[in-house]
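Hi everyone, thanks for making time.

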Amino acid sequence: MQVRAAADNEIIGIDATCASVNAYDLVVTDIMVAVGEAVEAEQILMILEYSKVVTEVTSPNPGFVVAIHCQLGDEVQVGERLIDVRPN
């Protein structure tokens, strides 16, 4: 999981990653949170799959989900923004 934090607005952006080196077109197979929902550190937020490789997308910090940038069934690329979390 790649995480990018912007100090000025304190939003943590969570980007798509995959254990497979040549992964592309990762499929969003489950979204386990909604905008406005409180999350804990290491809580699973989303599941991505690529060629039977399953990747759990987790929250690096406790906070609140402020945006979800994809939908169930979407194909996303490694590095693409998935979820924004505002830390507590």
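Let me start with a cut-off: a residue is buried under 20% relative accessible area, exposed over 50%, and partly exposed in between. With a relative accessible area of 29%, Arg81 is therefore partly exposed. Please keep in mind that this is a predicted model.

So, how many salt bridges does the structure hold? There are two. In one of them, the side chains of Arg81 and Asp15 meet at 2.9 Å, N to O. Arg81 sits in strand β9 and Asp15 in strand β2, so this pair ties together parts that are 66 residues apart in sequence. Is Asp15 buried or exposed? Asp15 counts as buried, at 1% relative accessibility.

Arg81 also meets the side chain of Asp84 in a salt bridge, again with 2.9 Å from N to O. Asp84 has a relative accessible area of 10%, so this residue is buried. Through shared partners, the salt bridges join Asp15, Arg81 and Asp84 into one network.

Now to the nonpolar side of things. The largest nonpolar core has 20 residues, and those that touch the most other members are Leu26, Leu45, Met46, Leu48, Val76, Leu82 and Ile83. Which strands each supply at least two residues of this core? They are β2 (11-15), β3 (26-31), β5 (44-50) and β9 (81-87). The largest share, four residues, comes from β5.

My last stop is Ser59, in the loop between β6 (53-58) and β7 (63-68). Is Ser59 buried or exposed? Its relative accessible area is 0%, so Ser59 is buried. Where does its side chain reach? The side chain of Ser59 reaches the backbone oxygen of Asn61 at 2.5 Å.

Further along the sequence, and not counting residues up to four places away, Ser59 touches Ile14, Val39, Glu40, Ala41, Glu42, Gln43, Leu45 and Val85. Ser59 and Gly13 lie 46 residues apart in sequence, with 9.7 Å between their C-alpha atoms.

That's my tour, and I'm happy to take questions!

How values were computed
Residues are numbered from 1 along each chain as its sequence is written. This is a predicted model: local features need pLDDT of at least 70, side-chain atom pairs count only at pLDDT 80 or more; totals for chains, interfaces and linings use all residues. Side-chain values use heavy atoms; hydrogens and water are left out. Buried means under 20% relative accessible area, exposed over 50%, partly exposed in between (1.4 Å probe, protein chains only). Contact means heavy atoms within 4.5 Å. A polar contact is a pair of N or O atoms within 3.5 Å; within protein, one must be able to donate a hydrogen and the other to accept it, and residues adjacent in sequence count only if both atoms are side-chain atoms. A nonpolar core is a set of buried Ala, Val, Leu, Ile, Met, Phe, Trp, Tyr and Cys residues joined through side-chain atoms within 4.5 Å. A salt bridge is a side-chain nitrogen of Lys or Arg within 4 Å of a carboxyl oxygen of Asp or Glu.
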